[in-house]
Amino acid sequence: MEMTISKTYLAVPYSEHKDAKKAGAQWDGTKKLWYAETPKLTPELQRWEPSRSNQSANLVADFGAFLKSNGVDLDRDPVVDGQWRRVSINGEKKPNASYRAFDDGGIPNGQLHIYKGDQTIAWRGNAPNLTPEQKEAVQAQAEHNRLVKTQELAQKRETAAKKAYGIWKNA
């Protein structure tokens, strides 16, 4: 079963909410955000699609500097997706640490876990000063990311359940 995103949250400033409604956007009263029903935005709605590339680039650079200052050997930019990534510290051949970082619309944050000594070091990024329109864009992107992660997790669980059922049935 293929899962699709049912809502795409939009960054609609209050001054443009009537235009967004005419273009087909709908209001989510619980989240207090505008959204489109399908994952593929119509050309009229694309102008409100959230984009955070500059903030994400700064986040990656800042988190990379944090990792390097703690001795992590990075050969490329760190991945900021909330998943644990194994890395080496101080030139060791085998991975002896792991990191993860989050950028879900709030204050960017992450962790570095060093296996030797079982030490976890927390990192917290700077919350940027945002205009109300930028805050709406961040909220829309965060809600979209949460929705995507929830659907990916549901799909993984369904796949695992089918696999387990197959193993059980054939045992």
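Start by selecting β1, β3 and β2: in that order they make an open sheet of 3 strands with antiparallel pairing. Here β1 and β2 are the edge strands, each with a single partner, so one side of each has no neighbour in the sheet. From one strand to the next, the twist averages 45°. Strands, like helices, are DSSP runs numbered from the N terminus (E, at least two residues, for strands; H or I, at least four, for helices), and two strands pair if DSSP finds at least two bridges between them.

Before you click further: this is a predicted model, in which local features need pLDDT of at least 70 and side-chain atom pairs count only at pLDDT 80 or more, while totals for chains, interfaces and linings use all residues. Residues are numbered from 1 along each chain as its sequence is written, and side-chain values use heavy atoms, leaving out hydrogens and water.

**Stop 1**

Tyr 9 has Tyr 35 of β3 as its bridge partner. Gln 26 stands opposite Tyr 35 in β3, and Trp 27 stands opposite Trp 34 in β3.

Show side chains on β3 (residues 33–36). Leu 33 and Tyr 35 point one way, Trp 34 and Ala 36 point the other way, and all of them are buried. Buried means under 20% relative accessible area, exposed means over 50%, and partly exposed is in between (1.4 Å probe, protein chains only).

Then look at the hairpin of β2 and β3, with its 4 residues between the strands: Lys 32 takes a positive phi near 55° there.

**Stop 2: the helix on the sheet**

Select residues 132–169 for helix α3. How far apart are the end C-alpha atoms of α3? They are 55 Å apart, which agrees with the 56 Å that its 38 residues should span at 1.5 Å a residue; the expected span is 1.5 Å times one less than the number of residues.

Colour α3 by accessibility and you can pick out its buried residues: Ala 137, Val 138, Ala 140, Gln 141, Ala 142, Glu 143, His 144, Leu 147 and Gln 151. An α-helix has 3.6 residues a turn, so residues three or four places apart point the same way.

**Stop 3: the largest nonpolar core**

A nonpolar core is a set of buried Ala, Val, Leu, Ile, Met, Phe, Trp, Tyr and Cys residues joined through side-chain atoms within 4.5 Å. Select Phe 63, Phe 66, Leu 67 and Leu 112: of the 14 residues in the largest such core, these touch the most other members. At least two residues of this core come from each of α2 (53–69), β5 (97–102), β6 (109–114) and β7 (119–124). The most come from α2, with 4 residues. Apart from this core lies another, of 9 residues, including Trp 34, Ala 36, Leu 41 and Trp 48.

Zoom in on Leu 112. Contact means heavy atoms within 4.5 Å. Setting aside neighbours within four places in sequence, Leu 112 is in contact with Phe 66, Leu 67, Asn 70, Val 72, Ala 97, Ser 98, Tyr 99, Gln 119, Thr 120 and Ile 121.

**Stop 4: the aromatics**

Rings of Phe, Tyr and Trp (its six-membered ring) pair if their centres lie within 6.5 Å; planes under 30 degrees apart count as stacked, over 60 as edge-to-face and the rest as tilted. The whole structure holds 6 aromatic pairs. Pick Phe 66 and Trp 123: their ring centres are 6.4 Å apart and their planes are at 35°, so the pair is tilted. Phe 66 is in helix α2 and Trp 123 in strand β7, 57 residues apart, so to speak a link between distant parts of the chain. Phe 66 counts as buried at 12% relative accessibility, and Trp 123 is buried with a relative accessible area of 12%.

**Stop 5: a loop proline**

Go to Pro 95, in the loop between β4 (85–87) and β5. Is Pro 95 buried or partly exposed? Pro 95 is partly exposed, with a relative accessible area of 36%. Not counting residues up to four places away in sequence, Pro 95 touches Arg 86, Val 87, Ser 88 and Tyr 115.

Conventions:
Axes fitted to C-alpha atoms, helices over the stretch in contact; angles between N-to-C directions.
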